[in-house]
Amino acid sequence: MADELVNVRYMVDDVEEAVDFYTTHFGFEVRSSAAPAFADVVRGNLRLLLSGPRSSAGRPMPDGRTPGPGGWNRIHFIVDDIGSEVERLRGAGLTFRNEIISGPGGQQILLEDPAGNPIELFQPRP
């Protein structure tokens with residue numbers, strides 16, 4: 001179903017900062033905002049739910065654990081020229097977890113949003 005959205009939730013420390021990050025650097029558009037608790041942004045068929053500490057998704061679990069940003073699961077953007085994308089994003093002051101690495105399928109690098117959630121840029125082999 002091509003018209004359906006894929007929904008990914010990211011826990012963030014600051015909803016407004018996250019909205020600014022994704023709209024400025026990755027071309028997302030704001031779908032709705034209930035900042036400072038929650039906002040969602042859309043790019044193509046990807047709906048990114050940005051949940052702050054005040055959102056219902058940020059409430060502690062029965063065992064006391066509190067959802068938070070970070071981890072290693074990530075959204076994955078395919079790019080045509082990974083070198084130029086990295087240069088553009090570094091120039092904007094974004095934080096990277098590593099340098100570009102090559103593997104059997106292509107090249108990749110991980111960067112972080114303001115809350116430390118990972119984003120992968122991937123350039124497939126031709």
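1. The hairpin of β8 and β9 has five residues between its strands, and within this hairpin Gly-116 adopts a positive phi near 95°. The model is predicted: local features require pLDDT of at least 70 and side-chain atom pairs count only at pLDDT 80 or more, whereas totals for chains, interfaces and linings use all residues. Residues are numbered from 1 along each chain as its sequence is written, and side-chain values use heavy atoms, with hydrogens and water left out.

2. Seven bridges connect β8 and β9 in the antiparallel sense; strands are said to pair if DSSP finds at least two bridges between them. Gln-108 lies opposite Phe-122 in β9. On a parallel course, β5 is joined to β9 by four bridges, and His-76 stands opposite Glu-120 in β9.

3. Because six of the seven residues of β9 are buried, this strand is largely enclosed by the rest of the structure. Buried denotes under 20% relative accessible area, exposed over 50%, and partly exposed in between (1.4 Å probe, protein chains only). Over the protein chain, 38% of the 126 residues count as buried.

4. The largest nonpolar core holds 27 residues, of which Tyr-22, Phe-26, Leu-50, Leu-111 and Leu-121 touch the most other members. The elements giving two or more residues to this core are α1 (15-26), β3 (38-43), β4 (46-51), β5 (75-78), α2 (82-91), β8 (106-112) and β9 (118-124). The largest share, six residues, comes from α1. Such a core is a set of buried Ala, Val, Leu, Ile, Met, Phe, Trp, Tyr and Cys residues joined through side-chain atoms within 4.5 Å. In soluble globular proteins, nonpolar side chains tend to be buried together.

5. Which residues does Phe-26 touch, not counting those up to four places away in sequence? They are Phe-21, Arg-43, Phe-77, Leu-89, Leu-94, Leu-111, Ile-119 and Leu-121. Contact here means heavy atoms within 4.5 Å.

6. The protein chain contains two helices and nine strands, in the sequence order β-α-β-β-β-β-α-β-β-β-β. Helices (H or I, at least four residues) and strands (E, at least two) are DSSP runs, numbered from the N terminus. Among contacts with a separation of 6 or more, 51% involve residues 24 or more positions apart.

7. Along its principal axes the C-alpha trace spans about 45 × 35 × 30 Å.
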